[in-house]
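Okay, thanks for coming, everyone.

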Number of protein chains: 2
Amino acid sequence: MTETEVEIRSGAYYDSVILMQLQRSLVDLPGILDVGVVMGTDANKDILAQSDLMSPEVQAAVADDLVIVVKGIDKASVKAAIEKVDGLLTFRRSSGIEEEYRPKSLETAVKMLPEAQWSLISVPGRFAAGVARQSLNSGKHVFVFSDNVPLEDEIELKRIAAANGLLVMGPDCGTAIINGVGLGFANKVRRGPIGIVAASGTGLQQVSSRIHQIGGGITHAIGTGGRDLTEAVDAITARQGLELLSRDPNTQVIVIISKPPASTVAGKLVEMARQLSKPVVINFIGYPTQMRIVDNVHFATTFDETAELAVHLANSSSISEHVGDSGIGRFAPGQCYLRGLFSGGTLAYETLLILQDYLPAVYSNAPLDKKFRLTDSLVSQAHTVIDLGEDEFTVGRLHPMMDNDLRIRRLEAEANDPQVAVILLDVVLGFGAHPDPAAELAPAIARAKAKAKSAGRYLEVVAIVSGTDEDPQDMHAQMQKLKEVGVVVEASNDKAVRYVGQLLRNLNLEISQVGKESLPRVDLATLNQPLAAINFGLGSFKDSLESQHAQVVQVDWRPPASGNEKLMSILERMKSK
Amino acid sequence: MTETEVEIRSGAYYDSVILMQLQRSLVDLPGILDVGVVMGTDANKDILAQSDLMSPEVQAAVADDLVIVVKGIDKASVKAAIEKVDGLLTFRRSSGIEEEYRPKSLETAVKMLPEAQWSLISVPGRFAAGVARQSLNSGKHVFVFSDNVPLEDEIELKRIAAANGLLVMGPDCGTAIINGVGLGFANKVRRGPIGIVAASGTGLQQVSSRIHQIGGGITHAIGTGGRDLTEAVDAITARQGLELLSRDPNTQVIVIISKPPASTVAGKLVEMARQLSKPVVINFIGYPTQMRIVDNVHFATTFDETAELAVHLANSSSISEHVGDSGIGRFAPGQCYLRGLFSGGTLAYETLLILQDYLPAVYSNAPLDKKFRLTDSLVSQAHTVIDLGEDEFTVGRLHPMMDNDLRIRRLEAEANDPQVAVILLDVVLGFGAHPDPAAELAPAIARAKAKAKSAGRYLEVVAIVSGTDEDPQDMHAQMQKLKEVGVVVEASNDKAVRYVGQLLRNLNLEISQVGKESLPRVDLATLNQPLAAINFGLGSFKDSLESQHAQVVQVDWRPPASGNEKLMSILERMKSK
C-alpha cells in the first residue's frame, strides 16, 4: 500500500529551477517513492496522471496553482515530507551563503551595471513581453528565452527594436553566442571566422559544436527565435543579424540556419545574402532546393554539411567571383534581353533552371512553368530560351544538331532586335552530329556581331560546346573557331549559364533592388564589446554568464501584482497615464 | 528585284539528310539568294514565311508535300536551279561511287547480318512504331531516334519488349553508347567504370562528355527516351537499364539522368537504386531534393556535379556501408518501432526529415506533415519522435535540457512497450544545460535495457551527444558514461539517425519490397557483345556506326504504300489475317 498527499498553493510564483530542486529534495526524503512539483496546467496534470500521481484535488488545480504531490510508503513519511516544503522553499530562495544584493527593478539594475548592453529574459511567457518592452525602452538589446509569448508581442517588440537599432533575439530563443559569451543554452566553441544567424536553437548548437569538432571557430552566433522567418515577423532579427555580420571585420563566412521559412522571406534573405561580399551558407532545414550554389551562396541540407561547408569556405580564402559591372558599359541603352538558341533539349532545360537564380521570367517553347510559354515559338519575347529540337521544329526537317540552317536564320533575327544583349548557343559535338558546326556558326556570329556594332550596339555571344577531344569534330578546334570571332566559350553549361545570368542580372538592375529595403543599422560595438547583461528569470543563466567571466546583474523579478492579471492590467493603465 | 519559284511534290518521301543536301546544293548555284526545301507542315510554312519565302502555293501545301522554294536574282537563275532538282535528288540518292546492295526489308537485312542485336530507327515518327514492332518480333532490341511517335505506341512497344527481355530505347532517344559504340548523337568517350541510364539525350551527352573531360570513362549509356519516366510508361526502359547495369561486372558506379519524373516513378527508381550494392548518382534535373545522400544513392543537381560525383565515386573504391541484417536477430518478434525523445526541437526536426528516407510514417507532436500529428503528445503510436521542448511541455516546468525528469519517465514507459525496438535520444551539452545529464540518463537507460532483457527483448538505445570538448559537462566524459551502459553514441545527428533508419528499415522489411516487382531480365550479352545493327532511316547514322567499326546494314526503307495512310491500314489488316 502506498499513501499520497497533495498540497496546492494558489497564485504562487517560483522560478522553475526552484521547483525542480524542491522535487529532488522531496524525492530523496526517507520513505518517499515519487513526487510531482509543477504548475497546474492541463499538460502537467496529464503527466502527473501518467505517473499515477493524480487525485481530485490535482484535477481541480488551475495553471496559476503550484501543485505538490508526494507519494510514499506510509502516511507518516508523506506527512513528514509535506511539512518540509516551506523550509526547503525558503532555503532554496536564499540559497544559503551570504546572499548578494539583488535589485528589484530594471532601473536599479542599470544603475548597478551601466555598461550592460543586454537584457536576458527567462520569466514565464505571459510576463516576458512586458520585461522586454521595458528593456528596449532603456536602450538594451534583449534575449528572450521565454516561450509561450504571443506572436503580436514579438512583432511589436521587433519593430520597436529595429527602429531604434536594437536586437530582439527570441522569444523562444534557446541560444546565442556574442563575443565569445554564450547566452541561454550554448556550447563552448572556439573563436574563429564564422558568424551564424539562426532561427533554431538546437540547430545553432549542433552546427556550432560541429564547427568546433572539425577544427573551425565562430565570431558570433545570433539567435532570432523560431518564428522570426515567418511572413508575419518578416525576418526582422535575421536581417539585422545578417547585415551586422556582413560589417563585422572578423566574420569571413556567414551561416544562416532555419526551419523552412515562408517562401517570400526565404527569397528576401537569399537575395540579401547574394549582395554580400562574403560567402554565405544557408541551411533552410528540409526546404527543397534545386541548386546548391548561387554566386556566393551555398545551400546545405544537414547540420553536418552546414558545418563542413562553412569550415571549408573559411579555410579557402577565395571569395566567389562576380562579374564586374565594368562589362556593362559596352552595351547600348535598351539592350537588356537574352536569347538562347539550343539544339539540345535538356541543355535548354538546365539553362532555364539555372536562370531562375538570376532572372524572374524567361520565356520558352519548352518552359519550366507554362505561364512562360511563348505564344509563338518563332517569335521571342523578353528573355527567351528556345529548344530548336522540339517536335514542332523537326517534322520533315533534320535535327538542329545536324542542320544549322534554322538556327542561323533565328540568330540573325535575334541579333537585329535592339533590345537583345546576349545570345546563348549550345554546340553539341559527337557521332551523328554536324561534322563541323563551328564552320557554319562562326561566320554567321561574326556577321551578327558586326551588324550590331554598326548599329551602335554590343552583342555578346556565349557558346557552350558539349563534347570531347576525341569526337570526330575535335572539340578544341571547334572552340577555337568560335573564340576567334569573339564568342565566350565554355565546356560547362553551368558555367556558361551563370556567366550569362550574372551579366543579365547586372543589365536589369531593378531586380537587384529586391531585398535592399534596409533596417536602421545596429551598432557593431554590440557584438564586439565585452558582454554585460541584466538577467530576469532563471538564476542558472546568471551563474552561466559568470562562469564565462561576463558581467551580470540578477534582478529579483516577481510577477507584477503577484501574477494577478486583473490587478496587472489596472497597474499597467495607471502607469501609462 | 528578286524572283521566287515554288515546286510542290505531293506524297514524296525523302530522307531529311537528302533534303538538307538538296537545299545546300541549290543555294550554291549562281544567282540564287535563298532556298527552302521542307515538308509542308504548318511549322515549316511559318518558318518559310519568316524567311520571306512564302507564296499562295506554299500556303496550300500539306504535311505530306515536299515544298521547294527558290529565290534568286532573276527568272533565269531560278528556273535553272529548279531544273536541277531532279538531277540532284537522283545523284544524292545513288550517292555516286559503287553503291552497295541495300536490303528492302528487315527479313533480308537479318539474313545479311544475323549477328545484329539492334535495330536503329530514324524514319518519320508516324512510321517508327511499325518498324519497331517488326524489329521486336524479330528479337531485336530497338533504338528509336524518331520523335512525334504517339505515347500509346511507346507504352505498347515497351511492354512487348520487356516481356521478351528486349530493350526499347526511345522514341525520341537522341543518344546511347553500347559497348563503346555511340548510337544516334553520341560523343567519343573514354571507356571506364561508370554506367549511365538517361531519359535525356543532351543530358547524357553533356554528362558523358564531362566525365571524359575530367578523366573518367563509361561502360555503357542507355537512353530511354524523354517520356520513359512518366507515370504512363512507368520507367520500363530505365528499370531494365538499371537492373542490367547492376549486373554488369564492369560497371562500378551508375548514373541516372532525367528531367523531373512523376513522383511515384522517382520513388520507385530511388528505391531500386538503394537496393543495389553499387553507388548510384541521380540527377532528376531540377527535381527539388531535401537530402543529398541516402545510403548508396547520391543526388546531383547539375550536369557538372553529376559527372564530378560519378568520377569521384568511381575513384574511391569504397562501397557505401550498409547495416548488415545480422543485428536484426537480437530483437524479439514484434519489436519494430522507434521512439525518439528529444530535448532539442530542431534536432527532432532534422531527425524527422532524415527518417523520411527510411520510414513511410513517423508520428510526432511537431510533425513535418500534420497528418502524422500525435492525437496525444503523451502517448506514442507506431514510430514516434517527441520534441519535449515544445511549449506544451514547458509551461511551469524547466526545459528538458535542464531537467531530465520528464524524459526519464517517458523513457521507462516506451521501454515497457513490447513493440519498441529502438529509443533515440539527444543529449545537448553546453552552458545553461544540465551539469551532468549522462549521470541521470545512463542509469535510467541501464534499467530500461535490463528490464527489456528480462522480458526476452533487446532494446537498442542510440544517443546523439551535441556539444564540444570544452563544454562544462565535458563531451567525451558524457559519451563515455552512455557507452558504458550499451548506448550507441554519435556526435553527428545525421549519422545517428541514419543508423537508426537503416536498422528500422531492416526490421520493417515489407517496406523494402516496394520497387522489387521486377521485369524479365535482359541478357547481359546485349551490352557486352560487339555491337551490330540494322539501320532504318538516316543514312548518316549508318556512316557513323561504320566509322566506329560497328557492323551495320542499311535498309532501303520506304514508307509503306508510299506513305498513303489509307492504303497502309488496308495492307496492315491484310497482313494480320
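So, which side chain of chain A does Arg24(B) meet in a salt bridge? That would be Glu440(A), with 3.2 Å from N to O. Bear in mind that this is a predicted model. The rule finds six salt bridges across the interface of chain A and chain B. As for polar contacts, we count 50 residue pairs between the two chains, both partners at pLDDT 80 or more.

Now the overall numbers. We've got 105 residues of chain A in contact with 105 residues of chain B. Together the chains bury about 8600 Å², and 53% of that is on carbon and sulfur atoms. Phe185(A), Arg292(A) and Phe431(A) supply 10% of the area chain A buries against chain B, more than any other three residues.

Okay, over to helix 15 of chain B, residues 437–454. Its 18 residues reach 26 Å from first C-alpha to last, close to the 26 Å expected at 1.5 Å a residue. Buried residues in this helix include Leu441(B), Ala444(B), Ile445(B), Ala448(B) and Ala452(B). In general, an α-helix has 3.6 residues a turn, so residues three or four places apart point the same way. Covering the buried residues of helix 15 we have, among others, helix 14, strand 18, strand 19 and helix 16 of chain B. And just after helix 15, Gly456(B) takes a positive phi of about 80°.

Definitions and conventions. Residues numbered from 1 in each chain as written. Chains lettered and ligands numbered in written order. Predicted model: local features only at pLDDT ≥ 70, side-chain atom pairs only at ≥ 80, totals over all residues. Heavy atoms only, no water. Contact = heavy atoms within 4.5 Å. Buried area = accessible area lost by both parts, 1.4 Å probe. Salt bridge = Lys/Arg side-chain N within 4 Å of Asp/Glu carboxyl O. Polar contact = N/O pair within 3.5 Å; in protein donor to acceptor, adjacent residues only side chain to side chain. Helix = DSSP H or I, 4+ residues; strand = E, 2+ residues; numbered from the N terminus. Expected span 1.5 Å × (residues − 1). Buried < 20%, exposed > 50% of the residue type's maximum accessible area, 1.4 Å probe, protein only.
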